[in-house]
Each structure stands twice: as structure tokens, then as C-alpha cells.
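Let's take a walk through a protein model together.

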Amino acid sequence: TDSLSRLTAFVGKYQFTDNKMVFLQIMVKDGGLTLKQLWDKQEIPFRQTSALEFYNDEHKFPLKFTKDNTGAITQVLAFNRDLWNRVADDYTPPMKKIITLSDSQLKAFAGKYALKGGDGDADDTVEVSVAEGHLSIKHENDVTNLFAVSNLEFVTEDQSFDVIFSTGSNGEVSQAVVNNKDVW
């Protein structure tokens, strides 16, 4: 039980610094730490490699925890690049207000988009179409519904994912930025 009580210090809910609507849950399972991605429920087990570090062999990535001067765990770094801040277990982020755009406004976004810097194959293109009062994005076999929060910004229903469109000099929609990262 000694090692288990040490592991409970890491247990909690963590919020992604790059997207405040995305969370991880760290839990103790089968005598080790398990990371649960709350957006898709995937669970990834980790073994401890040092006082504040854990490693997953299958996906070959570390988790590095940070503690404050009281010894409480405050952050975790995943993949050596994604920083997550610990939040209260019952924390829920404020939701953006969904607005309604007319079908003619929505039609401006419809079309095919290619990933900037991609190699142009099937996983580097998406098709945006108009559904009942919102947009729908088809990427390979996944279809995701997007709801407007402004004239150019859209979010998924749980708001864990956002798309910000921009227009060219002619006023037509020219690109989409997904989660402040991927440019289409």
C-alpha cells in the first residue's frame, strides 16, 4: 500500500494549456498510474521511472509531473510538449454561447479544405457541408458537427474542439485553423 499511497498524489483532473476545454484524468489502476483522455475515454497505463516521471512503453512517451513548494502536484507534461494544469475534480469550464447563422451564411464555409504542410492524401483533406443550422466536417470516416459561436468561429458540441475560419481579400472563406494549431 506504500507505493499506492505515493501514487495517489498524482491522481486528479488536468486541463490542457492549449485548449481549456480538453481534460485528462490521472488515476491509480492495477498498481500503476493510468491516464484517461476524457475526450475519447482512451486509457493509457504508465509505470514509474523516477519520483515525478512515468513512462508508457507502447506509445513510447513520458509523463513528467511538477510539484509546488508545498509538495502538491500542479502540472503534468506529456510527450515532452503538451502541458496540462491540475484543476479541481469538479471543475467545468465556462461554455461559449452558441449563435445561429442563416443557411446562406453557413454556405460560405462549405467546400473542401487541405491541410497546410500535408502531403495531400486522404487524411489531409476535409469536407465542410451545411447541416440543419450548423456545419458538418467529414474527415476520412469521421463526421463532426460544428456550431457557431461567432461569424467565423465554430465549436463542437462539447466545445473541446474549435475551428476559426478566415476570409481572403475577396471576402470569401479561405482557411480554417483547428484548435489554434492545424491550418486547413
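We'll go from the sheet to the aromatic rings, and then to the pockets.

A quick word on ground rules: this is a predicted model, where local features need pLDDT of at least 70, side-chain atom pairs count only at pLDDT 80 or more, and totals for chains, interfaces and linings use all residues. Residues are numbered from 1 along each chain as its sequence is written, and side-chain values use heavy atoms, with hydrogens and water left out.

Start with the open sheet, built from 8 strands in the order 9-10-11-12-13-14-15-16, with antiparallel pairing. Its edge strands, strand 9 (111-114) and strand 16 (182-183), each pair on one side only. Strands here are DSSP runs of E with at least two residues, and helices are runs of H or I with at least four, numbered from the N terminus; two strands pair if DSSP finds at least two bridges between them. Strand 9 and strand 10 (residues 125-131) share 4 bridges, and Gly-111 faces Val-128 in strand 10.

Now for the rings. Those of Phe, Tyr and Trp (its six-membered ring) pair if their centres lie within 6.5 Å; planes under 30 degrees apart are stacked, over 60 edge-to-face, and the rest tilted. That gives 13 aromatic pairs. Take Phe-109 and Phe-165: their centres are 4.6 Å apart and their planes at 50°, so this pair is tilted. It links distant parts of the chain, 56 residues apart, with Phe-109 in the loop between helix 2 (103-107) and strand 9, and Phe-165 in strand 14 (residues 162-167). Phe-165 also pairs with Phe-154, with centres 5.5 Å apart and planes at 90°, so that pair is edge-to-face. Both Phe-154 and Phe-165 are buried (under 20% relative accessible area; exposed is over 50%, partly exposed in between, with a 1.4 Å probe and protein chains only). Elsewhere, ring pairs join Phe-10, Tyr-14, Phe-54 and Phe-65 into a cluster.

Finally, where is there open space? A pocket is an open set of points on a 1 Å grid over the protein atoms alone, where a 1.4 Å probe fits, with protein on both sides within 12 Å along at least five of seven lines; lining residues have an atom within 4 Å of a point. The largest pocket is lined by 33 residues, with Trp-39, Phe-161, Val-178, Asn-179 and Lys-181 nearest its centre.
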